[in-house]
Amino acid sequence: MYELRGALPGVASLIFEKLFQGSSNDGQPKGCQQQPSAYWSLNMNDITNLKLADSGLLKTQAYVNGEWCDADDGATFDVTNPATGEVIATVPDMGATETRRAIEAADAAWPAWRAKTAKERAAILRKLYFLLMDNQEDLAQLLTAECGKPIFEGRGEIAYGASFIEWFGEEAKRAYGDVVPAPFNDRRIVVDKQPIGVCVAITPWNFPIAMVTRKVGPALAAGCPIILKPAEDTPLSALALVELANRAGVPAGVFSVITTSNGPRVGAEMTSNPIVRKLSFTGSTATGKILMRQCADTVKKLSLELGGNAPFIVFDDADIDAAVKGAIASKYRNTGQTCVCVNRFLVQDGVYDQFAEKLVAAVKAMKIGAGAQEGNDQGPLINTAGLSKVEDHIQDALSKGAVTATGGKRHALGGTYYEPTVLTGITTDMKIAREETFGPVSALFRFKTEAEAVAMANDTEFGLAAYFYTRDAARVWRVGAALEYGIVGINEGIISTEVAPFGGVKESGLGREGSRYGIEDYLEIKYMCMGGLNASE
Ligand code: NAP
């Protein structure tokens, strides 16, 4: 049986039920001795030995034009485990030259790949899907080791990531065109969909597999080759993916992976090279804007999945237990480091105290520790920059009148572990109201009327995900329509699935990933007008 927990809808209930079954709250993983002053006060033996059933999935070279290779100058960088600070592997530190080589190889491989029938491409993607699921445990261990999320979330991400490969393999066969009624009797108008050409992808560390397969799946399905630059912090999952793609029969040059510690250097080549027809990027809005500007000179098609500032509105008529369950699942998944994580809880006056009390109880029940150890709900933050941002937002909020209901400091485990936190008395002048915190911090605002809540929710340049809880059917439709967001969770805290369109409005991005719309970003529309078709002999 495949393990499907984690990223799928069941995660909310799983976490919630686990929390409310009263797991111990000593803040320590099993087998650890508390040493508050130590940087890494963990039992390393439990978590440092990465044992894969298939050791061939731990790759330490990049993959260009069907070959595993080093950087031209032999440079490398370390990949570390955020749970322990230890080096897991060393990978090539590539630059513009290797990137150009991968782009040229993709261009050469494109004609044969696009010439395959959709059914042939779908068969290869289906094989890749099964390879991903057959290796789910190894891939989850690898992913957890490099990004720190709890192992049950890692298993869920592998299943979620694989689902995009399966889905887009199926969609390849449904990239229909149109026959349009012509305004003249002697013409036929045919609309065809064709692969856009060589694609490049740049992805973040918070979903080392799923953010990659959301791009690689539709690109390959559409008949496009693709070159990926994974995040510096998490290249190992991407390298394991390309190894499995190779085993599934993806031809040389069609899918290459460039590893680098210098995103701007590789990004500059990807965005300026005229062979590249499309860039798909997931990451911060700031980086997205840089890449968008860089793509202007060669007018590349863009998909941008950028940052958010998600509101989570709890109305007086909400089911409060359901709202707390949704809040935990949405806010604390991956230590609060997802683009659709709640950033602002807007809670109506009548239920503010009740919601805060129940949320604090749920947060206090969470178990913190290394992701690789079964049973933990929250791992470390990805790196010290992430830790500093969380601390900065909390200090700013406290200096302006917020109150710590629970947490609010670094965890005794050391490193980049941070206590899951709830702050009350949040106001709009605080940083946490305007910027993505990307950490395990719930910030509770109070509101009085529905109109006030909607205005507060929309008062941001971002528009990725929003959530609200109510039992009033008329309000469901009213508020659902009024929220300026690409994704709205209504009485639901987990909204990600391969069958639905994922993406933002405003400065949260362009385009949609997943669903039947997701393949469109990798296709060009060609209109062909056939003339001289006289109606009579
Ligand atoms: P980031 O700093 O923008 O980095 C994302 C990727 O871009 C990484 O691979 C990074 O490389 C690379 N990069 C950075 N600067 C670059 C440049 N000038 N040229 C080319 N590549 C460059 O974002 P992050 O901190 O890793 O990820 C968190 C952000 O992603 C959050 O804002 C989150 O909301 C957003 N996100 C959005 C979605 C969505 O679907 N909308 C999903 C997940 C995450 P290095 O790793 O080497 O820095």
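**A friendly note on rings and a sheet**

1. Let's start with a charge and a ring: the charged end of Arg214 is placed over the ring of Phe502, 4.2 Å from its centre. Here a charge sits over a ring if NZ of Lys or CZ of Arg is within 6 Å of the ring centre and within 35 degrees of the ring normal. Lys59 likewise lies over the face of Trp68, at 4.8 Å from the ring centre.

2. A word on the model before going on. It is predicted, with local features needing pLDDT of at least 70 and side-chain atom pairs counting only at pLDDT 80 or more, while totals for chains, interfaces and linings use all residues. Residues are numbered from 1 along each chain as its sequence is written, and side-chain values use heavy atoms, leaving out hydrogens and water.

3. Next, the aromatic pairs, of which the structure holds ten. Rings of Phe, Tyr and Trp (its six-membered ring) pair if their centres lie within 6.5 Å; planes under 30 degrees apart count as stacked, over 60 as edge-to-face and the rest as tilted. Phe312 and Tyr467 have ring centres 5.8 Å apart and planes at 35 degrees, so this pair is tilted. It links distant parts of the chain, with Phe312 in strand 12 (residues 310-314) and Tyr467 in strand 17 (residues 465-469), 155 residues apart. Strands (E, at least two residues) and helices (H or I, at least four) are DSSP runs numbered from the N terminus.

4. Are Phe312 and Tyr467 buried or exposed? Both are buried, meaning under 20% relative accessible area, whereas exposed is over 50% and partly exposed lies in between (1.4 Å probe, protein chains only). Phe312 and Tyr467 also belong to one aromatic cluster with Phe345, Phe355 and Tyr469.

5. Seven strands form an open sheet in the order 14-15-16-13-12-17-18, with mixed pairing; two strands pair if DSSP finds at least two bridges between them. At the edges are strand 14 (403-406) and strand 18 (487-490), each pairing on one side only.

6. Strand 16 (residues 441-447) deserves a look, as six of its seven residues are buried. It pairs in the parallel sense with strand 13 (residues 342-348) over four bridges, and Arg446 is the bridge partner of Val347. Strand 15 (residues 421-424) and strand 16 are also parallel, over three bridges, with Thr421 partnered by Val441.

7. Strand 12 and strand 13 pair in the parallel sense over five bridges. Within that pairing, Val314 stands opposite Val347 in strand 13.
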